[in-house]
Amino acid sequence: HHPADHDQGPRRHVGVLRSGLLTLALVALALLLAGGRARAEAGRPFLAYHASWYEVRASRAEETTLARLPGYLTHVALSFVKPDLAYEGDFDLSATGLQYPYSGAVLKQAIALLKARQPDIRVLLAVGGATYHGWDRLDEAALARLVRDLGADGVDFDFEPADPRCVAVQGRMRCADDVFSVSLVRRLRAALPRPAVLSAAGWSVGAYGEGA
């Protein structure tokens, strides 16, 4: 080594230390700013979908991922229920569209445990989605029965027609299914009156030219 390299050694170490401290300070500042934003947005809804087909097998509520969801969520939508579900009662999920790898009784217990751990969270049943299209055979009575039996708080209306046929009319978007979808929402609300939650998954509406 050149003698000058030995002279530079301590200086290099100091430079690396200062760089590391600066990085740590920037990370800490970023975390503080993120925490401040989270506190500022504490009143905003934060909904996540819980995919029933990805859930782990469980024999007890404590073993489910559903019961262990984090506290920053305000709503969780259990996905997906068929609009034309068949549900008579007794926690039989076999014809509901939900694909949880455990019984309806365990699902009910998992929802109750989640609410005990996160008292402010609202649990919804997401109806429809990209693959369940039986909206012309909607059974809102069976759906309301399932909501009540599971101890859920309402429904997420996830209406995704394969061909919505939307066109611009005088600067506003009009879709062939508008009247039909509004009628579905009204039927759901009639079956699940307030304080039941009724949310809507407005998929890609930012592309419709409707502005803010």
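Cys166 and Cys175 form a disulfide in this predicted model, with their sulfur atoms 2.1 Å apart. The structure holds one disulfide. A disulfide is a covalent bond between the sulfur atoms of two cysteines. The link between Cys166 and Cys175 is right-handed, with 105° about the S-S bond. The two cysteines fall on either side of the 20% limit for burial. Cys175 is buried because its relative accessible area is 18%, under the 20% limit. Cys166 has 24% relative accessibility and therefore counts as partly exposed.

The loop between β4 and β5 (166-169) was examined next. Asp163 has its place in this loop. Its relative accessible area of 49% makes Asp163 partly exposed. Asp163 and Ala176 are 13 residues apart along the chain, and their C-alpha atoms are separated by 8.9 Å. Arg165 is found in the loop between β4 and β5 as well. Arg165 is not a glycine, yet its phi is positive, at about 50°. With a relative accessible area of 53%, Arg165 is exposed.

The sheet is open and has five strands. Their order is β1-β2-β3-β4-β7, and the pairing is parallel. β1 (47-51) and β7 (197-200) are the edge strands, each pairing on one side only. From one strand to the next, the twist averages 30°. Helix α3 (residues 140-150) packs on the sheet and touches β2, β3 and β4 (154-158). The direction of α3 makes about 155° with that of β3.

Strands β2 (residues 75-81) and β3 (residues 122-128) run parallel and are joined by six bridges. His75 stands opposite Arg122 in β3. Leu78 stands opposite Leu125 in β3. Six of the seven residues of β3 are buried, so the strand is mostly covered. In a regular strand the side chains alternate between the two faces of the sheet. Strand β2 also holds Phe80. The peptide bond from Ser79 to Phe80 is cis, with omega near -10°.

The largest nonpolar core has 41 residues. Leu66, Leu78, Leu107 and Leu125 touch the most other members. At least two residues of this core come from each of β2, α2 (104-117), β3, α3, β4 and α4 (178-191). The contacts of Leu78 were then listed, leaving out residues up to four places away in sequence.

Helix α2 has 14 residues. At 1.5 Å a residue, α2 should span 20 Å. The end C-alpha atoms of α2 are 20 Å apart, which agrees. Gly104, Val106, Leu107, Ala110, Ile111, Leu113 and Leu114 are the buried residues of α2. These buried residues pack against β2, β3 and α3. An α-helix has 3.6 residues a turn, so residues three or four places apart point the same way.

In helix α3, the buried residues are Ala142, Leu143, Ala144, Leu146, Val147 and Leu150. They pack against β2, α2, β3, β4 and α4. Just after α3, Gly151 takes a positive phi of about 75°.

The loop between β2 and α2 contains Phe91. Phe91 has a positive phi of about 60°, although it is not a glycine. At a relative accessible area of 29%, Phe91 is partly exposed. Ala95 lies in the loop between β2 and α2 too. Ala95 is partly exposed, with a relative accessible area of 29%. Neighbours within four places in sequence aside, Ala95 is in contact with Lys82, Leu85 and Ala86. Ala95 and Lys82 are 13 residues apart in sequence, and 8.2 Å separates them in space, C-alpha to C-alpha.

A cis peptide bond joins Arg194 and Pro195, with omega about 15°. Pro195 is found in the loop between α4 and β7.

Notes. Residues numbered from 1 in each chain as written. Predicted model: local features only at pLDDT ≥ 70, side-chain atom pairs only at ≥ 80, totals over all residues. Heavy atoms only, no water. Disulfide = S-S within 2.5 Å. Buried < 20%, exposed > 50% of the residue type's maximum accessible area, 1.4 Å probe, protein only. Pairing = 2+ DSSP bridges. Helix = DSSP H or I, 4+ residues; strand = E, 2+ residues; numbered from the N terminus. Axes fitted to C-alpha atoms, helices over the stretch in contact; angles between N-to-C directions. Contact = heavy atoms within 4.5 Å. Core = buried A, V, L, I, M, F, W, Y, C linked by side-chain atoms within 4.5 Å. Expected span 1.5 Å × (residues − 1).
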